[in-house]
Amino acid sequence: MRMYQTSPLARFAAIAVAVLTLAGFGWGKPAQAQNSAQYTAQEIIDAGHGFFGSTSGGLAKVVEKAFEQYGLPNGYILGQEGSGAFIAGLTYGEGELYTKNAGQHPVFWQGPSLGIDYGGQGSRAMMLVYDLPAIPSLYARFGGVSGSAFVVAGVGMTVMRNNDVILVPIRTGLGARLGINIGYLKLTPTPTWNPF
């Protein structure tokens with residue numbers, strides 16, 4: 001019986017062909033694992049309808065707009081917030097972050113604003129979270145993205161960013177306060193009165 005030796009290059013080529021063949025059959029696709037950690041539009045709309053209740057008439061259109069611009073989020077926050085303003089304003093909120101691969105986590109937010117509005121309001125808020133690499137990356141300051149306001153049937157969204165992480169707050173009853181004040185939100189793992 002005669003033994004044949006193969007060169008290291010031939011062995012490398014054989015391994016490369018095997019790996020490419022397995023990948024072609026759907027094994028070892030990293031994008032598939034990433035997609036399983038993201039939420040579909042229907043999952044977000046269902047969570048929003050359950051949370052906002054009867055006031056969620058424009059929710060589907062607002063969520064559709066967010067998905068059209070930013071794709072699938074890998075987390076979302078459901079919570080409540082209160083805000084008040086007389087030229088300068090403050091916002092405080094608390095809620096729960098939901099993720100598919102890292103569980104649920106409490107989150108609190110606070111932030112200053114400056115604008116020509118006054119008054120106070122309490123609202124429910126859903127925040128879509130995009131490109132969150134790890135839970136600690138959420139606890140930061142998020143500034144508004146210019147021209148990001150969008151309102152349909154009393155449901156409005158804005159877009160905020162910190163480095164690569166995008167936060168899309170969706171609120172009910174925003175009214176005229178949307179777009180006529182500027183500010184940021186600071187997200188923290190524990191409550192604090194300091195908005196700065």
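How many of the 8 residues of strand S7 (residues 165-172) are buried? The count is 8 of the 8, so S7 is largely enclosed by the rest of the structure. Buried here means under 20% relative accessible area, with exposed over 50% and partly exposed in between, for a 1.4 Å probe and protein chains only. Strands (E, at least two residues) and helices (H or I, at least four) are DSSP runs numbered from the N terminus.

The model is predicted: local features need pLDDT of at least 70, side-chain atom pairs count only at pLDDT 80 or more, and totals for chains, interfaces and linings use all residues. Residues are numbered from 1 along each chain as its sequence is written, and side-chain values use heavy atoms, with hydrogens and water left out.

From S7, Val165, Leu167, Pro169 and Arg171 point one way, while Ile166, Val168, Ile170 and Thr172 point the other way. Strand S5 (residues 155-157) runs antiparallel to S7 and is joined to it by 3 bridges; two strands pair if DSSP finds at least two bridges between them. In this pairing Gly156 stands opposite Arg171. Strand S6 (residues 160-162) is also antiparallel to S7, again through 3 bridges, and Arg161 has Ile166 as its bridge partner. The hairpin of S6 and S7 has 2 residues between the strands, and Asn163 takes a positive phi near 55° there.

Leaving aside neighbours within four places in sequence, Leu128 is in contact (heavy atoms within 4.5 Å) with residues including Ile44, Phe67, Tyr76, Val168 and Ile170.

Helices H3 (residues 41-52) and H4 (residues 59-70) pack at an angle of about 145°, their axes 10 Å apart. The axes are lines fitted to C-alpha atoms over the stretch in contact, and angles run from 0 to 180 degrees between N-to-C directions. Among the residues that meet are Ile44, Gly48 and Phe52 in H3 and Leu59, Val63 and Phe67 in H4.

Gly48, in helix H3, counts as buried because its relative accessibility is 0%. Gly48 and Leu59 are 11 residues apart in sequence and 7.3 Å apart in space, C-alpha to C-alpha. Not counting residues up to four places away in sequence, Gly48 touches Gly53, Leu59 and Met126.
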